[in-house]
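Hi,

Here is the structure I promised to pass on. Have a look at it first, and my notes on the charged side chains follow below.

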Amino acid sequence: MLKQPGLFDPPEPSLLDRPLALLDLETTGTGPTRDRIIEIGLVLCNQGRQEQQWSSLVNPQTPVSDFIADYTGISNTMLETAPLFADIAPKLARLLEGRLLVAHNARFDYSFLQQEFDRCGQRFQAPVLCTVRLSRKLFPKERRHSLDAVIARHDLNCPARHRALGDALVLAEFLAHLRRNVNVTDLNRAIEAQPGADSAPFAR
């Protein structure tokens, strides 16, 4: 008996089922070559489930401006006793290894990570998925795709906006929302549209 095409085929796996590292950074400014990371927030997921949360303040070895302190709530006093990036780099590298790095405006976060690892004499490279680009691809009729716009549009919860772990947790909620409400084929196509984002391994 010939099988009807597609009748008993298993459901298409989501490209979000792979190991993910949802990342957000707070920094002293917007230029990765001159500015420094002051906080890292990370949510590790696999098969759509959260595995671990991790965050750390980072001593930037340079003063934080009043604007950044007001924006993030992170003061110079809080950073005085924080570890240097070099102190946490080995652990961060282990946490990110073998995972698809997910960030909102990912070029920003990725560039800062590369610069900080480079200062430590380490090479950093990872497949990346940008949730700004993902939002634009899935919701092309919407004009705004900032994290604030995404939070408002999809009614996401963010109790600690502009803190690294709080914003990383918003990304976790956003991806969970997409998994529930977007057809898996459409979601996979939107991910595949970002070069390299579909190349991270499923196994870990």
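Which side chain does R99 meet in a salt bridge? The partner is E51, with 2.6 Å from N to O. Keep in mind as you read that this is a predicted model.

That pair ties together distant parts of the chain, 48 residues apart. R99 sits in the loop between helix 3 (85-96) and strand 4 (100-103), while E51 belongs to strand 3 (residues 49-57). R99 has a relative accessible area of 2%, so it counts as buried, the cut-off being under 20%. E51 is partly exposed, at 42% relative accessibility.

In total, the structure holds nine salt bridges. Another one that links distant parts of the chain pairs R179 in helix 7 (residues 164-181) with D17 in the segment before strand 1 (20-27), 162 residues apart. For R179 and D17, the closest N and O atoms are 2.8 Å apart.

R34 is exposed, at 61% relative accessibility, but D35 is buried at 12%.

Cheers

Methods. Residues numbered from 1 in each chain as written. Predicted model: local features only at pLDDT ≥ 70, side-chain atom pairs only at ≥ 80, totals over all residues. Heavy atoms only, no water. Salt bridge = Lys/Arg side-chain N within 4 Å of Asp/Glu carboxyl O. Helix = DSSP H or I, 4+ residues; strand = E, 2+ residues; numbered from the N terminus. Buried < 20%, exposed > 50% of the residue type's maximum accessible area, 1.4 Å probe, protein only.
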